[in-house]
Amino acid sequence: MAGATLKNKHYVLDPKGRPIRIKASKHSKLNRSRAGNMLLFILMAICGLFMILPIVMIVNNALKPPDELFQFPPRLFVRNPTLENFSDLFVLMGDTWVPFSRYIFNTVIITGGGVVGHVLCASLAAYPLAKRKFPGSKLLFSVVVLSMMFSWTVTQIPNYMIISMLGINNTYLALILPAWSFGIGLYLMKQFMEQIPDSIIESARIDGASEFKVFWRIIMPNVKPAWLTLAIFQFQVLWGNTGGMFLRSEELKPMQYAMGQIMAGGAARAGASAAVAFIIAAIPITFFLVCQSSIFETMTTSGLKE
């Protein structure tokens, strides 16, 4: 039956076209008081303050002189801000056996290769699972979901054995290739791709678009929120990787490893350690903020329905 609205009252049309009034349910409206909204706002504000507190403490510790760093009880906010901690960190980085620029280069290669490869592999694998019906597709997806149930520590030894058998141990690929095979990426991309109407894909094929063109020009732009979110998660994982299990050569170590060595210096390097903690936290947060605007923008425009 088709719906209609007459004189601000809700009606439906019967098979003969005559309007029939529908009575509104007493429970159809959501009853929310101002006091409830205010209480909810206060609770969310308190939770937000607790979540932002570690970030505020990291920033203030990076600007504290040594006497304030060792002050007890510790103070949250710095009283005499200084940049000496960063200057001490630069001095320590200049005294390393391997140039610190080498650590930065290794981190860029590992993080960039892992993030880009993971997004592409997950998207290419999810497309046929979401939009093609072939024998064994459900079984393959079930195996991927099952792999997400295991902790990384459980598969640590098998991963090391596979990397060693491939002969890529102590190379960049030892960290990049495993990053391409995380099951969460395929699962997330498949769920988003299933929401794209099949009629759009069929229209593109009728117009002569190839399968790869359909994937690159139609599928990927419409699942932009998914692969941007996936890039954020993967960036966070690879940024915190020290490569300790697979990388033995000092020339291949990432920046996170060098930062960890500086922080292991004890009380003598407390100021430099505070600067290191700030840098380690600042770069992933900056990457998230850059991608966050794109995610929110595409979330409001990517709703497609048949």
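I began with K190 and E194, whose side chains meet in a salt bridge at 2.3 Å, N to O; this is a predicted model, and I read the contact as such. Looking up the accessibility of the two partners, I found K190 buried at a relative accessible area of 8%, whereas E194 is partly exposed at 38%.

I then noted that the structure holds 5 salt bridges. One of them joins E211 to R132, with the closest N and O atoms 2.9 Å apart. Because E211 sits in helix α10 (residues 211-222) and R132 in the loop between α4 and α5, I take this pair to tie together parts that are 79 residues apart in sequence. Both partners came out as partly exposed, E211 with a relative accessible area of 32% and R132 with 37%.

Next I looked at R205 and E202, where the closest N and O atoms of the salt bridge are 3.2 Å apart; both residues belong to helix α9 (residues 198-206), 3 residues apart, or about one turn. I also recorded that R132, E202, R205 and E211 are linked in a network of salt bridges.

I turned to the largest pocket, whose volume I noted as about 870 Å³. Its lining has 35 residues, with W152, N159, P178, S181 and F182 nearest the centre, and I listed 24 of the lining residues as nonpolar, 11 as polar and none as charged. Among the helices that each supply at least two lining residues are α4 (100-131) and α11 (224-239).

Last, I marked a nonpolar surface patch of about 810 Å², to which F41 and F50 are among the contributors. I placed F41 in helix α1 (residues 34-62) and found F41 exposed, at 55% relative accessible area.

Note on methods. Residues are numbered from 1 along each chain as its sequence is written. This is a predicted model: local features need pLDDT of at least 70, side-chain atom pairs count only at pLDDT 80 or more; totals for chains, interfaces and linings use all residues. Side-chain values use heavy atoms; hydrogens and water are left out. Patches are made of residues with over 30% relative accessible area and no salt bridge: like charges are joined within 9 Å, nonpolar side chains (Val, Leu, Ile, Met, Phe, Trp, Tyr) within 5 Å. Accessible areas come from the Shrake-Rupley method with a 1.4 Å probe; for residues, only the protein chains shown count as cover. A salt bridge is a side-chain nitrogen of Lys or Arg within 4 Å of a carboxyl oxygen of Asp or Glu. Helices (H or I, at least four residues) and strands (E, at least two) are DSSP runs, numbered from the N terminus. Buried means under 20% relative accessible area, exposed over 50%, partly exposed in between (1.4 Å probe, protein chains only). On a 1 Å grid over the protein atoms alone, a cavity is a set of points where a 1.4 Å probe fits but cannot get out, and a pocket is an open set with protein on both sides within 12 Å along at least five of seven lines; lining residues have an atom within 4 Å of a point. Grid points are joined across faces, edges and corners, and a volume is the space filled by probe spheres set on the points. Ala, Val, Leu, Ile, Met, Phe, Trp, Tyr, Cys and Pro count as nonpolar, Asp, Glu, Lys and Arg as charged, and the others, Gly among them, as polar.
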